[in-house]
Amino acid sequence: MASGFFTDTTLCIGCKACEVACKQWNQLPADGYEFSGNSYDNTMALGGTTWRHVAFVEQAAPPEAPPTDTKWLMMSDVCKHCTNAGCLEACPTGAIVRNEFDDVFVQPDVCNGCGYCVPSCPFGVVDLITHADYDAGRGFSLDGRTNDDATQSRGGVAGKCTLCYDRQKVGLVPACAKACPTDSIQFGDVAELQARAKKRVETLQARGVESYLYGADDGTSVGKLNAFFLLTEKPEAYNLPERPVLPSTRQPAGYLTATFAGAWLAVAAFFIFKFRT
Amino acid sequence: MSDVKSVQPPQPDGARFGASSGEGLPAHAPATYYERPLLKKPHWEWEVVTYLFMGGIMGGTGMLVALADDTPEREADLARSARYIALVLAAACPAILIKHLGRPERFLNMLRIFKLKSPMSLGVWALIAFSSPAAVAAAGQASRDGLLPGWIAKLAPRPVSNLLQGAFGAFIAGYTGVLVSATAIPIWACGKRHIPGVSVCSGLASACALNAAVLALTGGSQRTLRKLELLELVASISEAAILESFRRHAGSIGDPMFRGKRGDKLRTFTLFGGIIGASVLNLLPFGGKAKTVLASTLTLVGGYVLRETIIESGKASADDPRAASRQPE
């Protein structure tokens, strides 16, 4: 049984309780007081110590349309806990694992900070918490253990949503879903959440609200997302990729190319060494 | 249930999630999220650039060890210098990786597992598979050169170490290209049929250059130098051809690499200096040691700039939310 999140953006009111609850429970440092100027979004992106991020899009109606066409999109973004996870496949230490709840978890004491998971995430979720972050008070501890290795070395460790692995282990709902006042974030068995989400889309369609599910199908190489979304705009509007691709699918072409190049040069070298006097 | 868009099978015009056609959605939807990056940048600095550069030379040198004819009247001088160079690089490569990771123990974490799906895991194991025979081969060479007791040479059969160094060297020269292509970074991803080839060619060209410079300074034969120069020419021309093919294939996704200051630097140091400049110098029928060293320096600088450009353009490419939204297959 896979556990996950169904984030219904039509219910989100942009209160950021999920962001705060996540920071509180996971003892993650604050993001500072930068002002972005992008609607109410001063968090701006998911990061090594920012595991929920509420996106805001104030979308004015075009001049010819009625003012009621003005939309205010709010969406709480999170690690997608992909069925085929790019970060997990890339990880050379085995620090990134799939746990008993079918979620993708970074073991901070095994991670060696190589940073390969960071560009390997098709959603731009996981990031490295570097030495500079720790110096600036933006490091983190997990399961009550301060990660000594990360605090002492320049490389840092990878950080992302754990889907509250610790809370799940004792039967608790993840902090963000627990704190969400509108049930925009729902936690549960993914199959059950999907059934609920599909009904919700039908209900919205019947009311004339165009909506669709993002990440609930097997349409791409990353597979179903354990954390999927109900959206009313194109994915790009929320900074989600329209077409995510599992990076490891490019490996066969890559190895083949390298083999051809190597074989060509080996043959050239063979003849040069053999026949040129 | 069947009229719900999201439960329909994947669209035929390329796999993607939901809202594939965009029909029913307002036409004034913003195309990006405040132009903010969709992907995260790799945190790779000069250590990784240097590793890619040195690893390429090490791999290419391994290929030279395997392919040189190790008899005194042929390229025994090259086989000899290449064995020593391979050992030095095999020691330097893990050192630079450890510098990148911060602490020596962190390198050991890589050795917990062997993972076919992770080019980085394969690369670390290839590094070990290369450096062990490299150490044995260099010890055997030192023994034959009178630097170590003679019996050591008998323990290091050359055919075995040659084969291992050649095979794992070729892998090391190529896998770094696969490693970067197997990420979500648009410019790297769209180079899956080019960057691994460029890595191998640049690695071998730089290996020829370094070995030629060392041979020129340590009294290698002119005949061997000419062969190395010819092989470097073949590798450099192949590299230039693949780079040009990549530039055409990538289109605007390739801009971070081929346009602006980064493009100028790549053209100046890698194309004009390392490929054209060094090749012209190598083809000159005069010049002696100084010419060989100068040509080699140009090639090595060009090789380093190429690796640096690949890494830095990847960081810039990660900042482009449009390229990151429809990711290359």
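Modeller: Gladly! Helices (H or I, at least four residues) and strands (E, at least two) are DSSP runs, numbered from the N terminus. By that rule, chain B has 13 helices and 0 strands. This is a predicted model, where local features need pLDDT of at least 70, side-chain atom pairs count only at pLDDT 80 or more, and totals for chains, interfaces and linings use all residues. Residues are numbered from 1 along each chain as its sequence is written, and chains are lettered from A and ligands numbered from 1 in the order in which they are written.

Biologist: What makes strand 12 (residues 227-231) of chain A largely enclosed?

Modeller: A residue is buried if 20 or more other C-beta atoms lie within 10 Å of its own, exposed if 12 or fewer, and partly exposed in between, with C-beta atoms placed from the backbone. In strand 12 of chain A, 5 of the 5 residues are buried, so the rest of the structure largely encloses this strand. A:Ala227, A:Phe229 and A:Leu231 point one way and A:Phe228 and A:Leu230 the other way, and all are buried.

Biologist: How do you know which strands pair with strand 12 of chain A?

Modeller: Two strands pair if DSSP finds at least two bridges between them. Strand 1 (residues 3-8) of chain A pairs with strand 12 of chain A over 4 bridges, in the parallel sense. Here A:Phe6 stands opposite A:Phe228, and A:Thr7 opposite A:Phe229. Strand 11 (residues 212-214) of chain A is joined to strand 12 of chain A by 3 bridges and runs antiparallel to it; A:Tyr212 has A:Leu231 as its bridge partner.

Biologist: Why are strand 10 (185-189) and strand 11 of chain A called edge strands?

Modeller: The open sheet has 4 strands in the order 10-1-12-11 (chain A), with mixed pairing. Strand 10 and strand 11 of chain A each pair on one side only, and they are the edge strands.

Biologist: Back to chain B. Why are helix 1 and helix 8 of chain B called roughly perpendicular?

Modeller: Two packed helices are described by the angle between their axes and the distance between the axes. Axes are lines fitted to C-alpha atoms, for helices over the stretch in contact, and angles run from 0 to 180 degrees between N-to-C directions. Angles under 35 degrees count as roughly parallel, over 145 as roughly antiparallel, 65 to 115 as roughly perpendicular and the rest as oblique. Helix 1 (residues 46-67) and helix 8 (residues 195-217) of chain B pack at about 70 degrees, with their axes 7 Å apart. The two helices of chain B are therefore roughly perpendicular to each other.

Biologist: Which residues make that contact?

Modeller: Two residues are in contact if their C-beta atoms, placed from the backbone, lie within 7 Å. Among them are B:Gly56, B:Gly59 and B:Gly60 of helix 1 of chain B and B:Ser199, B:Ser202 and B:Gly203 of helix 8 of chain B.

Biologist: And how many residues does the contact between the chains take?

Modeller: That contact takes 88 residues from chain B and 83 residues from chain A.
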